[in-house]
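Q: I am new to this structure and would like to learn how to read it. Please take me through its features, one at a time.

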Amino acid sequence: MSRRGKKKGRPVSGWLILDKPVGMGSTQAVSKVKWLFQAEKAGHAGTLDPLASGMLPIALGEATKTVPYVMDGAKIYRFTVAWGEERSTDDLEGPVTERSDKRPGEADIRALLPKYTGVIMQRPPRFSAVKIDGERAYDLAREGEVVEIAEREIEIGRLDLVSHDPERSVFEVECGKGTYVRSLARDMGRDLGCFGHVADLRRVSVEPFEPEDLVTIEELEVAMPRREGEDAPDYRAIDDYVIDTVVALDCLPQVAITDDAASRIRLGNPVIIRGRDAPVEAEEACATARGKLVAIGAIEAGMFKPKRVFAG
C-alpha cells in the first residue's frame, strides 16, 4: 500500500498582497511567492493579465479557503485607452484589426459614461479565460477559431474620466467580479466611432485590502531568509508581510469565542454563541478566538454551526 508523502513547505497561512509587475503572469506570480515563502499551498484571488500591473492578492496555506470571499470583493482599476485602433486582444498584445482617423472629444466621452455604470451586459474578450465547451476562449482564438462568447451581466459602481488628450484617455473604474476592462475600452471605442484598446492597466485595489498592503517581489527577495551553515532559516522578516487570514472575511459577521469553544468547533461541533451583541441568526459568519480565525459557519437560534474550519 502506498503511503501519502509528507507535505512539502512551511505551514504559513495568510494573505500576501503582491504588487504584480507588468510582464509577469498571475500563475507565475503565485509560484514565485510560494517559493519565496516555502509555503505548502498558495493561490490567487483574481487573474491579472501579464500586461497589467497592480494588486494581486495571494492566499497562503489556510487562507486559500477564503479565496471566494476576496474574489467577490469590489475592485478598482486605473486604465488608459488608446483611441484610433481596435486590436484582436483588446490590448497592446494583439494585432490591429480596425483603424479610424476619428478621435473623441472630452464632452463625447463624459456623455457616454452613464451607459457603462450600474448593472450592464458585457461580452468578454475573445482572448480571455472564459470557457466554451470546456475550452478556454484564448486557446480557441489562438488556434484561429471564431469565438462567440455570450454577453454576461456585470456591475460597475462608477466609471470616471481622469484625464484626456486627443490620442488617449485615462479612466478609473470600480467594478464587481467578472468585469473585463479590455471590453470596456473596446465597447467605448465602438460607441464613439473611433475604436480603442487598453494601452495600460493597473489594479489599484481589491476589497478588503488597501494600497498600503502592497509589497513588491523585490521587497520579498530582500526579506527572504538566507541559510547559514546548519542554522534553520529565519522567516520572520518575510512573514511580516503576511496579513492575517481573517481580514479577508470583513464582509461577514464576526463572533469571538473561547479557546474551549474553538476546540469543539475544530472538531466539527456546534457551540452556543454568548454575548450581548452576538447575532442570533446569520447565513454566514466567522468565529475567532484570540483574534485568529477558527471557522466559517452559520448561526441558527444563537448557535454557531461550523461549515469550514481552520487550523489553529
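Q: How many helices and strands are there in the chain?
A: Helices (H or I, at least four residues) and strands (E, at least two) are DSSP runs, numbered from the N terminus. The chain has eight helices and 17 strands. This is a predicted model, in which local features need pLDDT of at least 70 and side-chain atom pairs count only at pLDDT 80 or more, while totals for chains, interfaces and linings use all residues. Residues are numbered from 1 along each chain as its sequence is written, and side-chain values use heavy atoms, with hydrogens and water left out.

Q: What share of the residues of the chain count as buried?
A: Buried means under 20% relative accessible area, exposed over 50%, and partly exposed in between (1.4 Å probe, protein chains only). Of the 312 residues here, 46% count as buried. The accessible surface of the chain is about 16,700 Å², and carbon and sulfur atoms hold 48% of that. Accessible areas come from the Shrake-Rupley method with a 1.4 Å probe; for residues, only the protein chains shown count as cover.

Q: Which strands pair with strand 12?
A: Two strands pair if DSSP finds at least two bridges between them. Strand 12 covers residues 196–206, and eight of its 11 residues are buried. Strand 3 (residues 52–60) pairs with strand 12 in the parallel sense, over three bridges. In that pairing, Ser53 stands opposite Arg202. Strand 4 (residues 75–83) pairs with strand 12 in the antiparallel sense, over nine bridges. Here Phe79 has Leu201 as its bridge partner.

Q: Where is Gln38 found, and what is its phi?
A: Gln38 is in the loop between helix 1 and strand 2 (42–44). Its phi is positive, about 50°, although Gln38 is not a glycine. The relative accessible area of Gln38 is 32%, so it is partly exposed.

Q: How many salt bridges does a search of the whole structure find?
A: A salt bridge is a side-chain nitrogen of Lys or Arg within 4 Å of a carboxyl oxygen of Asp or Glu. The search finds 23 of them. One of these joins Arg10 and Asp239, whose closest N and O atoms are 2.9 Å apart. That pair links distant parts of the chain, 229 residues apart: Arg10 is in the segment before strand 1, and Asp239 is in helix 7 (residues 236–239). Arg10 counts as buried, at 18% relative accessibility, whereas Asp239 is partly exposed at 24%.

Q: Which side chain meets that of Arg202 in a salt bridge?
A: Asp19 does, at 3.0 Å from N to O. This pair also links distant parts of the chain, with Asp19 in strand 1 and Arg202 in strand 12, 183 residues apart. Arg202 is partly exposed, at 28% relative accessibility.

Q: Which helix holds both Arg110 and Glu106?
A: Both lie in helix 3 (residues 106–112), four residues apart, about one turn of the helix. Elsewhere, salt bridges that share partners join Arg78, Arg158, Asp160, Glu172 and Glu174 into one network.

Q: Which residues touch the most other members of the largest nonpolar core?
A: A nonpolar core is a set of buried Ala, Val, Leu, Ile, Met, Phe, Trp, Tyr and Cys residues joined through side-chain atoms within 4.5 Å. The largest one has 47 residues, and Phe37, Phe79, Leu159, Phe171, Val173, Met188 and Leu220 touch the most other members. Helix 1 gives the largest share of this core, five residues. Another core, of 15 residues, lies apart from it and includes Ile257, Ala289, Val294 and Ala295.
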